[in-house]
Amino acid sequence: MLNRTQQDKVLLGAIWASASITILFLLWVMWHILSNGLSHVSWEFITGAYTRIGEASGIWAMIVSTVYMVGLSLSIAAPIGIMTAIYLTEYAKPGSKIVKVIRFCTESLAGIPSIVYGLFGMTFFVTTLGLGFSILAGSLTLSMLILPVIIRTTEEALMAVPISYREGGYALGATKIYTIWRLILPSAMPGIITSIILSIGRVIGESAPVFLTAGMVTQIPESVLESGRTLTVHLYKLTQELFTQSEWDQAYATATILIVLVLALNLATKIITNRYNKVSH
Amino acid sequence: MNKLTINNLDLFYGENHALKDISLNIPNRKVTALIGPSGCGKSTLLRTLNRMNDLVENVKITGDVHFDGEDIYQQSDVKALRKRVGMVFQKANPFPMSIFENVAFGLKAQGVKSTEEIKAVVEESLRSAALWDEVKDRLDSDAFGLSGGQQQRLCIARAIAMEPEVILMDEPTSALDPIATHKIEELMDELRKKFTIVIVTHSMNQAKRIADKTAFFWMGELVEHGETDQIFNNPIDTRTQGYVSGEFG
Amino acid sequence: MDSAMTTNTLKLPEKATKKRDWIETVFHLLFLGCAMVGVLSVATIAWFVFHEGLPAFQQAGISEIIFGREWLPPALFGIAPMIVASLISTLGAVIIGVPIAILTAVFLAELAPKWLANLVRPAVELLAGIPSVVYGFFGLVIIVPMIEVLFHIPAGNTILAGIIVLAIMILPTVITISETSLRALPSTYKEAALALGASHIYSIFRVLIPAARSGIYTGISLGVARAIGETMAIIMVMGNAPAMPGSLLEPARTLTANIAMEMSYATGIHASALYSTGIVLLVFIVLLNASLLYLNHKRSH
Ligand SMILES: Nc1ncnc2c1ncn2[C@@H]1O[C@H](COP(=O)(O)OP(=O)(O)OP(=O)(O)O)[C@@H](O)[C@H]1O
Ligand SMILES: [Mg+2]
């Protein structure tokens, strides 16, 4: 048996070892992708067209599809999610049955694996509603997936707004909706924006439910009823045929773009939270 | 003439009987102070006068409150009532916007559109709240940049901008230093010419200095009320005597 | 009458007030309507998944599907190999990833110098946001070849590769949530333990970790949910053969991979069988959440 001091040493060693493993792996993933990818990210790569045979390898079409997907999913989910959060914090009686039902359903939505959304989206939006493999079908599917994120984060932001603002607004005879619109929502705005950035990250990062609903066409979609391939789906397709050096380079460059996007979103969140913290002190 | 008449008012927070059979008249254009130990129901009574208690879950109110002869609990338009009965809170609660926007908030909430009118009312209200000279050059800066006393006067200006008839104040100076307190007390001396003021205070000296009438509460009951002089110098009830002499509370 | 009242220029006419109340009601209903969208979504998804999945269960039989070892659509729909693959890969990822994650959380919350923690924490948060295809790609180009070399096998696309990739992927989730709950503990806990003469390490393991248990459980269950629901990274590194794996060094197909790989061309009973795969996956998620509830419930007694 080890005595107490020896035990402590072993545990301390385990902690340092674990932390080092974590840090090493994280650095390794980032470094491997970025070091192999950055040199292949060029203006032509970003803005160029793509053909399967290999004479053109740009990702402009995937960028456009990703942007459509982000924009459309958020324009569906953000208003609904924010208004749900408003209902839960400002209107519903806390702890009432309806709140419990809504909470339970939102949590369930958050728990459903994304592949099940893909399954559902493909049957319901693509086939039953006849939208076909399209940006619209993909966005509708993803908007269900990000809805719980938006609701929960917005709710937290609204609950952080001091009661004294509400009291102050109502004491002036302002209507509820005016107080919400002019006082509560603006105060909660940093939190709401953070929730939207989080959901942008989710939309960019998803892949399985995307190709099952939006398809994989590598052309710039001309309308939301056309299919489009997002960046993540593109990376997946590229990794299935890694034969030539150019294909490897494309895969690394696409992965690099994805990491840079995530990095940018993270930075944006940090900037907003920092600025907000400064104002409130 | 009485601006507000409270008759046999009982209030329950769930099981908690917070106000017990209160009857009290609030005279027009006078300062009425509500005093009493912590938890005796002063804030609760104040908040029944503009129906802010409606926002609390599980409140039950019986009895009535007449405002210019009209029962405010029979009338469905709470917003119109709150416009006529302004409120200033214990902790200054400026909104996270500019000084100007703070004062203009209520007007805009009522749908007043004319910039000219809003500007005029904002200036007028800030003057009445004795804040104009201090802020006239920085109306567009953030209200949180003001000192605590200035913030509280801003909240008073915000209430005045609605041209209320009554202003309710819940310990408006308890978070302020003596100099800022003095400024607000001076201001109240001006305000009483135009408004009916009901103020909750923990400072007996403040009540003595500013109030025309004083009402003493004790565990949800109104023990005694009358001219401020009488309450402080010749209290009838022994509990009042004990409280104003500083024995407890 | 009082003059203040009559000169009140802002008093609204009766009509305007009525209109306002009407607007209030409209908005109230609008917000309520939006809140119902989430409820409706869950109901629709549940209905669809079960409605589409039941025919397969009815035709092929529940036990043939769950315990069947052959997946040969449209004849045989046994998903036992996928169930095993999903469970083994998740379990493996948890066994490797969770201890490392919890100890890293302890490191960040208790031991790391401030500058280091402030550097590592955002990096960990960043990694939580990196798309799973990127992890899959990393696994494909690094982990898979490494396994080939280490174990002298021709194809490194194995359960082991899946386990390692999933273990890396759940690190950020478990670390972030465990660290938050460790930090949320009142400092009196640690002070009390230290005051009794316990060493720092001893009080971490005997006082802090047990006290932060419910947060750590939540972190683990989110990690498990991420692992069992992960699709693309798994498809990219695990080989996807729908046969019962004999060891960690064989390829396998998880429940999620089964759906993703075949859904785009499946029809009829085959598609229904993929829905049954989805139902089984959902059952695992429900069990996971139930056990989290149970653990946290037991603790509060
Ligand atoms: N929102 C509420 N819900 C339930 N009970 C309340 C609420 N507000 C006040 N009470 C209770 O009502 C009683 C009177 O409270 P109130 O705030 O009116 O006292 P107060 O005289 O203003 O005290 P203080 O001088 O401390 O401000 C107390 O017992 C208090 O606990
Ligand atoms: Mg009070």
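A residue counts as buried when its relative accessible area is under 20%. By this criterion, helix α6 of chain B in this predicted model is mostly covered, with 12 of its 13 residues buried. The buried residues are B:Gly149, B:Gln150, B:Gln151, B:Gln152, B:Arg153, B:Leu154, B:Cys155, B:Ile156, B:Ala157, B:Arg158, B:Ala159 and B:Ile160. The helix spans residues 148–160. Its first and last C-alpha atoms lie 18 Å apart, close to the 18 Å expected at 1.5 Å a residue.

One residue of this helix also meets an aromatic ring. B:Arg158, buried in α6(B), lies over the face of B:Phe95 at 3.9 Å from the ring centre.

Aromatic pairs were examined next. The structure holds 20 of them over all chains. One joins A:Tyr91 and C:Phe31, with ring centres 5.3 Å apart. The planes of these two rings stand at 55 degrees, so the pair is tilted. This pair crosses between chains. A:Tyr91 belongs to helix α3 (residues 60–91) of chain A, and C:Phe31 to helix α2 (residues 14–60) of chain C. A:Tyr91 has a relative accessible area of 14% and is therefore buried. C:Phe31 is buried as well, at 4%.

Ring pairs also build a cluster. It links A:Phe120, A:Phe124 and A:Phe125 with C:Trp47 and C:Phe48.

Technical notes: Residues numbered from 1 in each chain as written. Chains lettered and ligands numbered in written order. Predicted model: local features only at pLDDT ≥ 70, side-chain atom pairs only at ≥ 80, totals over all residues. Heavy atoms only, no water. Phe/Tyr/Trp six-rings, centres within 6.5 Å; stacked < 30°, edge-to-face > 60°. Helix = DSSP H or I, 4+ residues; strand = E, 2+ residues; numbered from the N terminus. Buried < 20%, exposed > 50% of the residue type's maximum accessible area, 1.4 Å probe, protein only. Lys NZ or Arg CZ within 6 Å of the ring centre and 35° of its normal. Expected span 1.5 Å × (residues − 1).
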